[in-house]
Amino acid sequence: ASSPRRGRAQLRDCGRRRRKSRDTGRRALEMGAGEGRGGDAPSFLSSLQRFDAFPKVNEDFFQRTLSGGVITVAATVVMVLLFFSELRVYLAVRTEYGLTVDTSRGEKLQINLDVTFPHLPCGVVSLDAMDVSGEQHLDVAHNIFKRRLDETGSPVATGEKEQTLGAKVVPAARQKDGSVHDPATTNETYCGSCYGSEETPEQCCNTCDEVRESYRMKGWAFSNAEGIEQCAREGFSDTIKNQEGEGCNIYGYLEVNKVAGNFHFAPGKSFQHGNMHVHDLMPFHTNSFNMSHVVAKLSFGADFPGVVNPLDGVARNMDGEAGMYQYFLKVVPTTYQQIHGHAMATNQFSVTDHFKQVDAQAGEHLPGVFFFYDLSPIKVELRERRHSVLHFVTSVCAIVGGLFTVSGIVDATVYHSHKAIKKKIELGKFT
């Protein structure tokens, strides 16, 4: 009895739906006719409806399933994750690379350095720079600082320019004419002897460093510090002995011509003897020069984001009495343009190195750490860039549309598969 009643109720529901659909269609036709009578614009809008690619379905015909809800939630989560991933990519700054010929001329090259010699006192080591154009910078002190280190590597004193041995001024300095000059008790002008190395009769050498410099300019070896009155007065030999066992940290920067050249750290004062570059090792009375070193920093020009300086942090420990370290650098001019338009001219470099033992007494090779650099004719151009807004919008639309399409395919597959299996179960054909 209940089955016929249920059937009649379903027929009544279907009848009501058909009547409702007919009423809706009739009202739509009446509205269309009224718009047609109203003028050309409503008629055009009515015709435009035929191009609707998104036809609407009556809510009475919707059927929501559990599998569809699970797939929708999963698709939404994936969509949100992909959206934020794409947003991160859009906000990130990427670097574009380009190559061009370096046409710059007459520029200077700044070399930033920070090198530590754990077993070489500051009073022994000196820094020289020279290039293929013939320009030389001997015993560089401008913008270069030396910091004395004890045996544990801790600083003994703050970085100092030029004067690294210190000065111990003692009264009773002897002048050229043999008279004794006491700067504490007299105002007379003191003029010390240069011991035959003066270029003019009026030249004076009032300190040990001035005597050494005069010898260097003359091309003479500075062999007997004890026989130089200024050096004996300032305690030159005593100072060298007091610094035995110490190390030296040399830091600062050089400005050289933008041509191939080299700079090196080596013991002793340097001077030019004919066409040879010579270092005077005689004042130290030893053939042992431990050139072990740590390169904390070495760069050509300013640093930029992502730059890699291959020698930063490199340490070399030497076995033996003396040795020569040689680094061969290929410097590549680089322009880095930031995203807001500021351009920075700097350099990158690659390096190979070589080491060999030397005999300081034989004088065939100079112990030291040598950096030979050459410049590449090709310039690298780096530019910071960010994806455009249109690229971001296109990617987001692709994410949304793609996920809706894929989730729709998955949902349809799951729904129809479930429906087919359920029907086979009802018919008893599913095994």
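Visitor: What does Asp139 count as at 21% relative accessibility?
Guide: Partly exposed. Asp139 has 21%, so it falls in the middle class.

Visitor: What should I know before I read on?
Guide: This is a predicted model, in which local features need pLDDT of at least 70 and side-chain atom pairs count only at pLDDT 80 or more, while totals for chains, interfaces and linings use all residues. Residues are numbered from 1 along each chain as its sequence is written, and side-chain values use heavy atoms, with hydrogens and water left out.

Visitor: Where does Asp139 sit?
Guide: First, the labels. Helices (H or I, at least four residues) and strands (E, at least two) are DSSP runs, numbered from the N terminus. Asp139 is in the loop between strand S4 (136-137) and S5.

Visitor: What is the phi of Asp139?
Guide: Positive, at about 50°, although Asp139 is not a glycine. Tyr195 is another case: its phi is near 60°, again positive in a residue other than glycine. Tyr195 belongs to the loop between S7 and H4. With 29% relative accessibility, Tyr195 counts as partly exposed.

Visitor: How many disulfides does a search of the whole structure find?
Guide: Start with the idea. A disulfide is a covalent bond between the sulfur atoms of two cysteines. Here the cut-off is a pair of cysteine sulfur atoms within 2.5 Å. The search finds three.

Visitor: Which parts of the chain does the disulfide of Cys122 and Cys248 link?
Guide: Take the bond itself. The sulfur atoms of Cys122 and Cys248 are 2.1 Å apart. The angle about the S-S bond is 100°, and the link is right-handed. This pair connects distant parts of the chain, 126 residues apart. Cys122 is in the loop between strand S2 (108-117) and strand S3 (125-131), while Cys248 is in strand S8 (residues 247-257). Cys122 has a relative accessible area of 1%, so it is buried. Cys248 is buried too, at 0%.

Visitor: How far apart are the sulfur atoms of Cys191 and Cys204?
Guide: They are 1.6 Å apart. This link is left-handed, with -95° about the S-S bond. Cys191 and Cys204 lie in the loop between strand S7 (180-181) and helix H4 (208-218), so the pair ties together parts that are 13 residues apart in sequence. Cys191 counts as buried at 17% relative accessibility. Cys204, at 28%, counts as partly exposed.

Visitor: Which cysteine does a disulfide join to Cys194?
Guide: Cys205, with an S to S distance of 1.9 Å. This link has 95° about the S-S bond and is right-handed. Cys194 and Cys205 lie in the loop between S7 and H4, so their bond ties together parts 11 residues apart in sequence. Cys194 is buried, with a relative accessible area of 0%. Cys205 is buried as well, at 1%.

Visitor: What is the order of the five strands in the open sheet?
Guide: Pairing comes first. Two strands pair if DSSP finds at least two bridges between them. The order is S5-S8-S2-S12-S13, with antiparallel pairing. The edge strands are S5 (144-149) and S13 (314-316), and each pairs on one side only. From one strand to the next, the twist averages 20°. Such angles run from 0 to 180 degrees between N-to-C directions; axes are lines fitted to C-alpha atoms, for helices over the stretch in contact.

Visitor: How many bridges join S5 to S8?
Guide: Six, and the two strands run antiparallel. For a landmark, find Phe145, which stands opposite Tyr251 in S8.

Visitor: Where is Ser292?
Guide: Ser292 is in the loop between strand S11 (276-280) and strand S12 (293-300). Ser292 is buried, with a relative accessible area of 3%.

Visitor: Which side chain makes a polar contact with the side chain of Ser292?
Guide: A polar contact is a pair of N or O atoms within 3.5 Å; within protein, one must be able to donate a hydrogen and the other to accept it, and residues adjacent in sequence count only if both atoms are side-chain atoms. Here the partner is the side chain of Asn290, at 2.7 Å. The Ser292 side chain also reaches the backbone nitrogen of Met318 at 2.7 Å.

Visitor: Which residues is Ser292 in contact with, leaving aside its neighbours within four places in sequence?
Guide: Contact means heavy atoms within 4.5 Å. For Ser292 they are Thr116, Phe117, Pro118, His119, Arg316, Asn317 and Met318.

How values were computed
Buried < 20%, exposed > 50% of the residue type's maximum accessible area, 1.4 Å probe, protein only.
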